[in-house]
Amino acid sequence: MEDSMINVGKVINTHGIKGELKILRLSDNPERFNPGNRLYIFPIEGSPQEIIIESQRYHKQYDLIKFVGYENINEVERFKNASLKVSMDELDELEEGQYYYHEIIGCEVFIIKGEKIGIVSDIFTTGANDVWTIKQANGKEVCIPYIDDVVKSINIGEKKILIEPMEGLLD
């Protein structure tokens with residue numbers, strides 16, 4: 001089941017005593033956490049289960065979420081560090097040239113001349129653009145910006161990305 005699921009959030013901690021959880025959102029779709037929506041929660045210990053969002057509000061950079069049927073801190077304490085996931089078939093269609101992180105992570109990265117650089121191991125957002133961490137065969141990591149000047153083509157089907165690095169980018 002978990003193989004066909006995508007992470008959309010992580011439970012950071014409990015919040016207050018009325019069953020709210022502090023959630024780090026890992027989804028670009030804020031509506032995913034609207035009341036009435038269904039998610040799957042994967043606790044560190046125990047079986048995954050479907051949950052329904054009762055309420056959501058923002059607090060600092062986190063979502064505070066309460067699930068239907070969980071009324072106090074004692075009932076949600078076990079969800080600390082749990083993952084929140086949705087089924088792959090619930091993902092929104094993206095416009096051409098847009099990709100989900102799970103589609104990019106794991107792709108092999110090559111210089112246009114053919115030399116393999118490594119495999120995308122992580123992605124983080126800087127505000128201006130995403131930055132991809134590329135793990136090289138020697139274990140070292142390099143970071144490349146996801147910008148048109150660097151990333152020349154992406155083939156999700158072949159899990160292959162072609163780049164043209166700027167001077168000094170791979171040093």
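**The nonpolar core**

Guide: The largest nonpolar core has 19 residues, and those with the most contacts inside it are F33, L39, I41, F67, F79 and L84. A nonpolar core here is a set of buried Ala, Val, Leu, Ile, Met, Phe, Trp, Tyr and Cys residues joined through side-chain atoms within 4.5 Å. Buried means under 20% relative accessible area, exposed means over 50%, and partly exposed is in between, with a 1.4 Å probe and protein chains only. Two or more residues of this core come from each of strand 1 (5–15), strand 2, strand 3, strand 4 (49–59), strand 5 (62–67) and strand 6. Strand 1 gives the most, with 3 residues. Helices (H or I, at least four residues) and strands (E, at least two) are DSSP runs, numbered from the N terminus.

This is a predicted model, in which local features need pLDDT of at least 70 and side-chain atom pairs count only at pLDDT 80 or more, while totals for chains, interfaces and linings use all residues. Residues are numbered from 1 along each chain as its sequence is written, and side-chain values use heavy atoms, with hydrogens and water left out.

Leaving aside its neighbours within four places in sequence, F33 is in contact (heavy atoms within 4.5 Å) with V8, G9, I23, R25, L39, I53, Q56, I65 and L84. A second, separate core has 17 residues, including W132, I134, I144 and V151.

I12, L24 and L26 form a nonpolar patch on the surface, with about 220 Å² of accessible area together. L26 lies in the loop between strand 2 (20–25) and strand 3 (38–42), and counts as partly exposed because its relative accessible area is 46%. Patches are made of residues with over 30% relative accessible area and no salt bridge; like charges are joined within 9 Å, and nonpolar side chains (Val, Leu, Ile, Met, Phe, Trp, Tyr) within 5 Å. A salt bridge is a side-chain nitrogen of Lys or Arg within 4 Å of a carboxyl oxygen of Asp or Glu. Accessible areas come from the Shrake-Rupley method with a 1.4 Å probe, and for residues only the protein chains shown count as cover.

The structure holds 0 disulfides, a disulfide being a pair of cysteine sulfur atoms within 2.5 Å. The sulfur of C107 is 16 Å from the closest cysteine sulfur, in C143, so the two are too far apart for a bond. C107 is buried, at 0% relative accessibility, whereas C143 is partly exposed, at 38%.
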